[in-house]
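Hi,

Here is the structure I promised to pass on. Have a look at it first, and then read on for what turned up when I went through it.

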Amino acid sequence: MTENPEHQASYAPSAEFAAAANAGAELAELAAADRLAFWAEQADRLHWEQRWTDVLDWSGAPVARWFVGGRLNVAYNCVDRHVDDGHGEQVAIHWEGEPGDSRDITYAELRDEVSRAANYLTELGLEAGDRVAIYMPMIPEAIVAILASARLGLTHSVVFAGFSPSALRQRVDDASARLVITTDGQWRRGKAAPLKEAVDEALYANGDVPHSVEHVLVVRRTGIEVPWTDGRDLWWHETVANADPHHEPRAFDAEHPLFILYTSGTTGKPKGILHTSGGYLTQAAYTHHYVFDHKPGQDVYWCTADIGWVTGHSYIVYGPLANRATQVVYEGTPNFPDEHRHWQIVEKYGVSIYYTAPTLIRTFMKWGRQIPDAHDLSSLRVLGSVGEPINPEAWRWYRTVIGSGKTPIVDTWWQTETGAIMISPLPGVTAAKPGAAQTPLPGVSAQVVDEEGNPVVLGETEANGYLVLDQPWPSMLRGVWGDDERFRETYWARYADRGWYFAGDGARLDPDGDLWVLGRVDDVMNVSGHRISTAEVESALVGHSGVAEAAVVGATDETTGQGIVAFVILTATTENTGDALVNELKAEVSREISPIARPREIHVVPELPKTRSGKIMRRLLRDVAEGRELGDTSTLVDPSVFEQIRADKA
Ligand code: PRX
């Protein structure tokens, strides 16, 4: 019988899928019976040099210690262990370069490369606890650099290669990185864009203000000319490539800092989210195994994220490699040389698990189903979604067109701060509902509550509330780098009396008790699955000499989830040149932050709506940006300006 996807409220896995699935219904029962024993069992999927004495120490809340006293080497777990177990010849990475070059790297080769890099970083004098910034496109050396850092106990801070020099500098300074690893340039739609040049610009920025960087290690990727500082700058192919491929890994404490990853908060300054080793790897590996139903040696897994985001950390590097995955890593954009690229890659490698973002699914929908239909996608057996709520229409299209109307879809809710997936269907267990993240994973505990912390009541129309995590979890953040106050204030202050983590998301419980994530409730926007704070974009706009004041909101966008809409007041001496000025301001934001933060629209206005206490009324601006009827505009001297912008959109 063929399925009519239009008419189903939920999609149960087939009996065949369920029978072979890694996770059955018993997983949740086990976790419910004894949560900590359950996590201990998950930790046992890793190799520990020394076993822990206690599963969890929550006495220092909100800073948790998981697997207390345990010692392990994260890179050994992701690489060497599989070689020692006789899988050295298994491909770890099918790497696909944007221009069409490709490389297969086995676990044995990966071990040699990581060892070489570890030996060379040691030769440079780096020691456990030092910070390393990694500013690289999606090439194998980026993964090698991450794993070499982990192997040595260096704390890595990966900075998305689309970020500007000033964003890089801010992150390098905040963490006092001793080393930056980068490339000469990166391929973007057939063109080599400089990257090393951006590092130089970052390090020379701020005039004479000294920085912490001693060396810049550069991988040659595109062959373009690069600026060079003798003594400081080093070529990877002249150093790492010649280093000894043998390196003895040393075990570190389970709570040794593994990485810092910066993410946008509600102020202009990004937060360095800190993750540690044992608990993080446990949950990254656990979730990858069960949520994607990954079978080592059989599946070909592909996560389309960039290593610059947490999804790349947990579901390209740590989770899959800890589970001995064979995975595809693709360097480029989905439409180079044309819109067939992803499906050609799926066909070429026989990809069986594909994990991407709703914004890309909606883009594929726009390009039309004739594109995927021209390919044999029958190898696909699990599809995943992450980064923002997926609208039911996109969910159904994903299942019908990409998943031949039969693959389970896992809509995974989590955050940079949670380190790994928290809420998701299990593909062999859950009857999946399009658009719902549904249930906390076994071992994870979440609630939807009101302002006061009372649980919302199932089945009520008002079952909307705030998403909280009411129990600690192994891969939880351990702090905000260098800012303990901000850590406590942002996540733990709202429900301080209960000791709950506030995620910053709104959610709804349906009458079945399934959870629907509604999106951010703070001043954080979600554009194509990227977190951008309104304050960051405002600060970039007022950085332009012509702008006196700026207010930014995220407005619903058909493709990107939210689009950035800015309202600016010009300085008295600035002439409004219309499109020319608007384009200049958009370019300024791209330059200051990244092209991903480029506003969709900028409106020049004579004033901004503010409360009596001077706070910008963003709700009103969102109504304007989305063409809705405007409520109380009494604080405005001239509401007609906003009314006009609104009317143009309605
Ligand atoms: O608002 C939620 C949204 O993305 C935020 C986390 O962003 P970031 O730290 O950049 O991590 C993205 C990748 C994990 C969340 O607070 N979000 C993420 N996944 C989902 C989601 N919203 C709804 N459904 C999801 N599956």
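Predicted model: local features only at pLDDT ≥ 70, side-chain atom pairs only at ≥ 80, totals over all residues.

Now the ligand. Which residues come nearest to it? There are 17 residues around the ligand, and the nearest are Asp411, Thr412, Thr416, Asp505 and Arg531. By type, the shell splits into six nonpolar, six polar and five charged residues.

- Threonine 412 uses a backbone N or O atom, which sits 2.8 Å from a nitrogen atom of the ligand.
- Aspartate 505 places a polar side-chain atom 2.7 Å from a ligand oxygen atom.
- Arginine 520 has a side-chain N or O atom 2.8 Å from an oxygen atom of the ligand.

How much of the ligand does the protein bury? On its own the ligand exposes 550 Å², and 95% of that is buried by the protein. As for where the shell comes from, the elements giving two or more residues to it are α10 (310–322), β20 (409–412) and β25 (515–520).

Next, the sheets. Eight strands make up an open sheet with mixed pairing, in the order β12-β11-β8-β6-β7-β14-β15-β23. The edges are β12 (233–235) and β23 (479–480); each has a single partner strand, so one side of each is left without a neighbour in the sheet. Within that order, β6 (residues 131–135) and β7 (residues 155–158) pair in the parallel sense over four bridges, and valine 132 stands opposite histidine 156 in β7.

An antiparallel pair to look at is β4 (residues 91–96) with β5 (residues 102–106), joined by five bridges. Here valine 91 stands opposite threonine 106 in β5. The two strands form a hairpin with five residues between them, and glycine 100 in the turn has a positive phi of about 110°.

Finally, some backbone details to check by eye:

- The peptide bond joining alanine 61 and proline 62 is cis, with omega about 5°; proline 62 belongs to the loop between β1 (54–57) and β2 (65–68).
- Phenylalanine 336 to proline 337 is also a cis peptide bond, with omega near -5°. You will find proline 337 in the loop between β17 (326–330) and α11 (341–349).
- Serine 176 is not a glycine, yet has a positive phi of about 50°. Serine 176 is in the loop between α7 (165–175) and β8 (179–183), and β8 takes part in the eight-stranded open sheet described above.

Over to you, and do write back with any questions.

Best wishes

Conventions:
Residues numbered from 1 in each chain as written. Heavy atoms only, no water. Near = heavy atom within 4 Å. Polar contact = N/O pair within 3.5 Å; in protein donor to acceptor, adjacent residues only side chain to side chain. Areas by Shrake-Rupley, 256 points an atom, 1.4 Å probe, with all protein chains shown as cover. Nonpolar A, V, L, I, M, F, W, Y, C, P; charged D, E, K, R; others polar. Pairing = 2+ DSSP bridges.
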